[in-house]
Amino acid sequence: MTDKTAGGDVRLAGISKHYGTFTAVHPLDLTIPQGSFFALLGASGCGKTTTLRMIAGLEEPSTGTVSLGDREVTDLPPYKRPVNTVFQSYALFPHLNIFENIAFGLRRRGIKSVKKQVDDMLELVQLGQFAQRKPHQLSGGQQQRVAVARALINHPQVLLLDEPLGALDLKLRRQMQLELKRIQTEVGITFVHVTHDQEEAMTMADTVAVMNGGRVEQLGAPAELYENPGTTFVANFLGTSNLIEATVEAAGAQVVVSASGTRLQLPAARCSTTPVTGGKLLVGVRPEKISLVHADEEHTIGPGRNKVSGRIAASSFIGVSTQYVVDSRVCPGLEVYAQNIERDTRLVPGAEVVLHWNPEHSFGLDAAQAIDAGIETVEEGA
């Protein structure tokens with residue numbers, strides 16, 4: 001629909017933002033490739049929205065520059081930047097119908113014949129039959145699509161999305177994630193999406209920048225961040241990780257560690273820090289990578305697996321899986337997600353069990369970090 005080569009990358013060079021003595025964003029270098037779907041992910045107050053607002057021109061950087069392609073736009077006001085923003089609140093005009101809401105930007109620029117462009121946009125967001133309705137007659141998801149269409153009709157180089165799905169219920173949010181990804185693929189415009197929702201970022205984005213305390217903690221494709229977190233914050237914030245404190249016994253291509261007398265192995269290639277014999281390491285494994293058997297069935301576990309004995313402290317059935325919390329001397333509160341295929345009725349709280357997993361599914365992190373960094377509390381998540 002648009003020329004995918006037009007515009008160029010979004011480049012942030014050394015941008016930071018201070019409010020008095022408070023630093024919202026520490027000096028940041030970031031390149032967002034043209035035509036990509038890029039997510040800034042983090043908890044409240046991490047600096048993601050401030051970064052987005054500096055790209056939009058709604059905040060002035062304390063240091064650094066913002067460039068779109070070869071053009072520096074740091075000193076340009078928002079309306080002179082080839083950028084449009086979609087907010088959580090949609091901000092549709094209640095007195096105008098959907099057609100006129102979408103046409104607004106074109107009419108303001110003095111364009112007389114808007115019908116074909118508006119019709120194209122209505123088709124893109126699959127709302128053609130709603131053109132004559134008022135915003136209040138549409139669902140939240142439909143209103144959000146109108147807001148996207150209104151922003152895209154101006155053919156911006158970059159569309160900025162600030163928590164765009166935050167006001168929607170869970171089911172609708174999931175539908176809109178797929179919808180936004182479809183629209184982005186179809187128009188080929190760079191989307192920069194701010195969210196605190198990990199699933200949302202991982203579902204939609206080609207590249208995710210995980211932000212923490214005004215800094216980018218790690219940057220990469222969703223699968224790469226999930227499988228190979230570089231810090232405890234990323235390991236805990238993106239999904240759930242079991243982190244086991246261990247001492248390195250042997251450091252080769254396969255690292256051997258000891259955790260409370262239990263020996264575990266992991267690949268050196270999956271360690272974000274260089275393991276040193278006698279040094280400390282946090283061994284991480286995701287709950288869905290772990291299998292769980294009753295202690296009486298330990299003999300069924302194949303050779304070469306990492307094994308940890310423990311007792312089930314709690315279990316919860318959530319349909320596709322049962323989630324277990326297992327207390328072990330290796331680590332209290334180990335989490336295991338077991339698919340509900342053939343359920344062993346003996347796996348109830350109080351049961352003695354053995355957890356086992358492929359050593360290749362373990363990762364290693366620097367033990368000097370806070371082990372609980374990135375775990376959201378109820379207050380933070382609210």
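**View 1. The open sheet E15-E19-E16-E17-E18 of the predicted model.** Five strands, in the order E15-E19-E16-E17-E18, make up an open sheet with antiparallel pairing. Strands (E, at least two residues) and helices (H or I, at least four residues) are DSSP runs numbered from the N terminus, and two strands pair if DSSP finds at least two bridges between them. The edges are formed by strand E15 (291–294) and strand E18 (334–339), each of which pairs on one side only. On average, neighbouring strands of this sheet are turned by 45° against each other, direction ignored; axes are lines fitted to C-alpha atoms, for helices over the stretch in contact, with angles running from 0 to 180 degrees between N-to-C directions. Strand E16 (residues 306–317) and strand E19 (residues 352–357) are joined in the antiparallel sense over six bridges. Serine 309 has valine 354, in E19, as its bridge partner.

This is a predicted model, in which local features need pLDDT of at least 70 and side-chain atom pairs count only at pLDDT 80 or more, whereas totals for chains, interfaces and linings use all residues. Residues are numbered from 1 along each chain as its sequence is written, and side-chain values use heavy atoms, with hydrogens and water left out.

**View 2. Strand E14 within the open sheet E13-E12-E11-E14-E20.** This open sheet of five strands has antiparallel pairing. Strand E13 (262–267) and E20 stand at its edges with a single partner strand each, so one side of each lacks a neighbour in the sheet. Neighbouring strands of this sheet are turned by 45° against each other on average, direction ignored. Strand E14 (residues 280–285) is joined to strand E11 (residues 242–251) by six bridges, and the two run antiparallel. The bridge partner of alanine 246 is leucine 281 in E14, and that of leucine 243 is glycine 284, also in E14. Four bridges link E14 to strand E20 (residues 363–366), again antiparallel, and leucine 282 has leucine 365 of E20 as its bridge partner. Five of the six residues of E14 are buried, so this strand is largely enclosed by the rest of the structure; buried means under 20% relative accessible area, exposed over 50%, and partly exposed in between (1.4 Å probe, protein chains only).

View 3. The 13 residues of helix H4 (residues 140–152) should span 18 Å at 1.5 Å a residue, and the end C-alpha atoms are 18 Å apart, which agrees; the expected span is 1.5 Å times one less than the number of residues. Twelve of the 13 residues are buried, so H4 is largely enclosed by the rest of the structure. The buried residues of H4 pack against several elements, including helix H2 (98–108), helix H3 (115–124) and helix H5 (170–187).

**View 4. The largest nonpolar core.** This core has 49 residues, and those with the most contacts inside it are Ile102, Leu152, Phe191 and Val210. H4 gives the most to this core, with six residues. A nonpolar core is a set of buried Ala, Val, Leu, Ile, Met, Phe, Trp, Tyr and Cys residues joined through side-chain atoms within 4.5 Å.

**View 5. Aspartate 197 in a loop.** Aspartate 197 lies in the loop between strand E8 (190–195) and helix H6 (198–204). Aspartate 197 counts as buried because its relative accessibility is 15%. Its side chain reaches the backbone nitrogen of glutamate 200 at 2.9 Å.

Terms used:
Polar contact = N/O pair within 3.5 Å; in protein donor to acceptor, adjacent residues only side chain to side chain. Contact = heavy atoms within 4.5 Å.
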